[in-house]
Amino acid sequence: MTYDAGHYDVIVVGAGHAGVEAGLAAARRGAKTLMLSLNLDLVAFMPCNPSIGGPAKGIVVREVDALGGAMGKVIDKTHIQMRLLNTRKGPAVRALRAQADKPLYIKEMKRVLESQENLTMKQAMVEKVLVEDDQVKGVVTETKAAYYAPTVIITTGTFMRGRVIIGDLSYESGPNNQRSTVTLSEQLEELGIEMVRFKTGTPMRVNSRTIDYSKTEIQPGEEEPRSFSYETTEFITDQIPCWLTYTNEETHRIINENLGLSAMYSGAIKGTGPRYCPSIEDKIVRFNDKPRHQVFLEPEGRDTEEVYVQGMSTSMPESVQYEMMRTVPGLENAEIMRSGYAIEYDSVVPTQLWPTLELKKISGLFTAGQLNGTSGYEEAAGQGLMAGINAAAKALDLDPLVLDRSQGYIGVMIDDLVTKGTNEPYRLLTSRAEFRLMLRHDNADLRLTEIGYQHGLIPEDRYERFQEKKRLIEEEKKRLDKVILKETEEVQAVIEEAGGSALKDAIRAIDLLKRPEMKYEHIERVTPSDVSLPADVKEQVEIQIKYAGYIKKAVEQIDRMKKMETKKIPENIDYDAINGLATEARDRLKKVRPLSVGQASRVSGVNPADVSILLVYIEQGNIARVSGE
Amino acid sequence: METDTITAISTPMGEGAIAIVRLSGPEAVSISARLFQGKDLNEVQSHTMHYGKIIDPETGEMAEEVMVSVMRAPKTFTREDIVEINCHGGLVSVNRVLEIILASGARLAEPGEFTKRAFLNGRIDLSQAEAVMDLIRAKTDRAMNVALKQMDGRLSRLIQNLRQQLLETLAHVEVNIDYPEYDDVEEMSHEMMNEKTKAVLEEINRILDTARQGKILREGLGTAIIGRPNVGKSSLMNALVHENKAIVTEVPGTTRDVIEEYVNVRGVPLRLIDTAGIRETEDIVERIGVERSRQVLKEADLILYVLNYGDEFNEDDEQLLEAIQDMNVIVIINKTDLDQKLDIERLKKLAGEHPVVTTALIKEEGIDQLEEAIAGTFFEGDLDAGDMTYVSNVRHVQLLKQAKQALEDARNGMEMGVPLDVVQIDVTRTWEILGEIIGDTVHDSLIDQLFSQFCLGK
């Protein structure tokens, strides 16, 4: 028998990177929120690499921040190293990456969660979801506590029927020997939710005191103060380095000889692993002509000796792990503190979700994070945030929020998941975004703060600061458009110094800045602004002016895309009634049930003729309604 | 309301007395007006028809004599501005007009798109919606069949090859972006990108060049046989016709009843112009007068100029040779079985670059050399008919031109010092457009390429 343990607006099951953002966002929107975690000491735990950010992913962290999320602020306070990547490339692909202090990250996130209004945290194993007439009612824990709510967000990551595999050893478990959850997965299947088996893995952690760093190359951080959050004002400049070493032919020989023992190759693993995160045995099999592979040694924190051996993810038996690892320069005497392992888990086929991340089959039930077939902390955080926003919206009858592909990587990711699905754990890459130039790391706040504010995720004072920043950018752009620079000695000297060719005539400051070699700092020297502008304002002015041509082209493309996005498909559309749709298109559309013609056009197997036919069919309905009135 | 202007040939493909190119959309009138020599179409009243010429803005040459109907919204089939350009029948002229319109800012209509617009703009009755959807489906299937048939297997492979080259380049840039620490590959530089895109651009240009030749293959190389009376013009024609399989077609409804003969000479189809005239009078110049013959000569792609070996080179010959100096000419010295009276040295000097062939047609001598010369003129000596790839479908040509434009944008960007990840936008576009030609628009292949080309991961 269960007991009534309380009533909430939103219940979040799990407190990983998806769960914490979901809980925080829901609570911030004003929903009375309950967060249930297996182990309260391990909220926002990083079971794999000790780092956050990187290309595309780092931009997601900033998007999460611009929508009021916590990941950026927490890593800003707890990193051991931060770098801006791709600085020599264009602005669209720059991204921050931080090496995390894992234990500190957990501690700080727990503090944030505990201080969040409207949010209750409890340690519990959820046994099942309460569902009546395809409507979620709450959850029941294994201690028979029944919590009631109109919306539930499941963010159980790799815990769903998780199975850890090391060589021929295999046991039911979530990451880091936590208990896996079996009943929940079984219940989802009973409810008719299609699940798929995925696999991922992690390398060994070794003791820093047993590494001979003299045989490796140092990978220092940057002194420059950097932060993910637009709100961070205190910076950690005391940086801890990572180290680089390589595998060699001896390593590869050992792996090849022991391939049969690897769970990946012995047939013990049934799940599909990600191509972008292969185990070391995968790399050697698939790219056998490569003489060596990079191995990065990444500290897991300031107050721990554990070091993450990036590049050696493996499901080999422990003895082989030792043997191959010790052929790597610097690791000859390294002691493994935790073995590498592969983990298999159930995930939800994400085309069963609406773009709000609510399951189409069960009203009020949301899923987010690795459970939806993604991998990566940032991907999880982005989904968790959106699920939290939308679950709260559903419970409190507020506006839902769906970002489109031109608004953020979060929008790209969720659209990909719910429209195309994925046949391997999904990772964000910059090439997944067709409007990469618009989805920059420097403009995430300009893209999303307004939206965050409208949805009650951004406090008033932050919104005011944002408005001020926007105003400064616009005014400075206007000013540079008006300033005419004459070919004076001073101007020519600055141009020469920048490596450009001398002016023949007077030029508008804005046009001079468009020259490839000119930067804002050059322009500023010949025509300084009356007000002192913060660095991020100057950066915006420079990027927006320099890439104006490309940005304009992208905006036109986006406008065309949006036209198709605004053509809504009625929820009750009967695809069988539409003559002329190709069979494959009909089947896919019935499954995905896209909300707009734009989304329909991205469903695989739907060709332009099918889109035209769909459009005509929908218009026919609209005309019929108008004439029927 | 749609914002772009679409165009297509709206009469059935094939021979007909007239063919109509239709434009629909906000710029239908202004685009037509820019190309039209005659009244200013921007000023004419709605639902009126006007005589004039379509001028190719690139060359300034006349493309076609036309009648143009201007119909302004909303009382039109699509409820948008519509212009219909009536051209002479025959694929050549109507395709030429279509190409010029496409180059001037209109987009090639999708199958059934006029009807779709008519429907979406409320022009077609609701009860016909079903029919509209059927029409789109039927026309799409047919257009796809036609396009596939028109696409040579070699062309398809060539495009796939270009796409693969671009894809590898794109993946290379992507790996630099998404895996900045990946050390197995040199960082893509502007120089490397420049080289890769240059190779692809040259290949696209080469394929586009074959569009012209492909058209000739379809339509035949307009060939005129000229020369003074009694030099052996009709023997030459008979020789070509008898040597090769000839298809004789009646072309009714044109100004004169001309019999055109198609012969296939070593893979080069010749359309022998005014052969009836030759047969009747033996002398085209005599029969239709010098002015008209010049006109005929102007329209010809190839001129076979026949001289008599046993006759002196006179002033008439000199004038004629001068008149055709800038054209594709093969000089044929016939009747070598007679005693020589022709000053061959002088002739060769006047003929300049044009090939000179000697024959004795009556004895069937020299025909091989002549055929070789004809084939050589067409294939410009460096191309073997068997290796040629032809692009002929208007849609394919249009897409290739767009691909070329996108790639040129990319190269301009590089020249301006734009970072490669931004240049990448235009390279990706090129790749996508080329994909449309062969019906492959799956975006995920870049990611597949990334992971098969590079060993990535943590």
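**View 1. What lines the second largest cavity of this predicted model.** Seven nonpolar residues, no polar ones and two charged ones make up the lining of the second largest cavity. Here Ala, Val, Leu, Ile, Met, Phe, Trp, Tyr, Cys and Pro count as nonpolar, Asp, Glu, Lys and Arg as charged, and the others, Gly among them, as polar. Look for Trp354(A), Ile569(A), Pro570(A), Glu571(A), Ile573(A), Tyr575(A), Arg593(A), Pro594(A) and Leu595(A) around this space, which comes to about 40 Å³. The structure holds four cavities of 30 Å³ or more. A cavity is a set of points, on a 1 Å grid over the protein atoms alone, where a 1.4 Å probe fits but cannot get out, and lining residues have an atom within 4 Å of a point. Points are joined across faces, edges and corners, and a volume is the space filled by probe spheres set on them.

**View 2. Lys102(A) and its surroundings.** You'll find Lys102(A) in helix H4 (residues 102-114) of chain A; helices are DSSP runs of H or I, at least four residues, numbered from the N terminus. Lys102(A) is buried, with a relative accessible area of 7% (buried means under 20%, with a 1.4 Å probe and protein chains only). A polar atom of its side chain sits 3.0 Å from the backbone oxygen of Met46(A). Beyond neighbours within four places in sequence, Lys102(A) also has contacts (heavy atoms within 4.5 Å) that include Pro47(A), Arg205(A) and Glu300(A).

**Notes on the views.** Residues are numbered from 1 along each chain as its sequence is written, and chains are lettered from A and ligands numbered from 1 in the order written. Local features need pLDDT of at least 70, side-chain atom pairs count only at pLDDT 80 or more, totals for chains, interfaces and linings use all residues, and side-chain values use heavy atoms, leaving out hydrogens and water.

Key. 1 Å grid on protein atoms, 1.4 Å probe; cavity = no way out; pocket = protein on both sides within 12 Å on 5 of 7 lines; lining within 4 Å. Helix = DSSP H or I, 4+ residues; strand = E, 2+ residues; numbered from the N terminus. Buried < 20%, exposed > 50% of the residue type's maximum accessible area, 1.4 Å probe, protein only. Polar contact = N/O pair within 3.5 Å; in protein donor to acceptor, adjacent residues only side chain to side chain.
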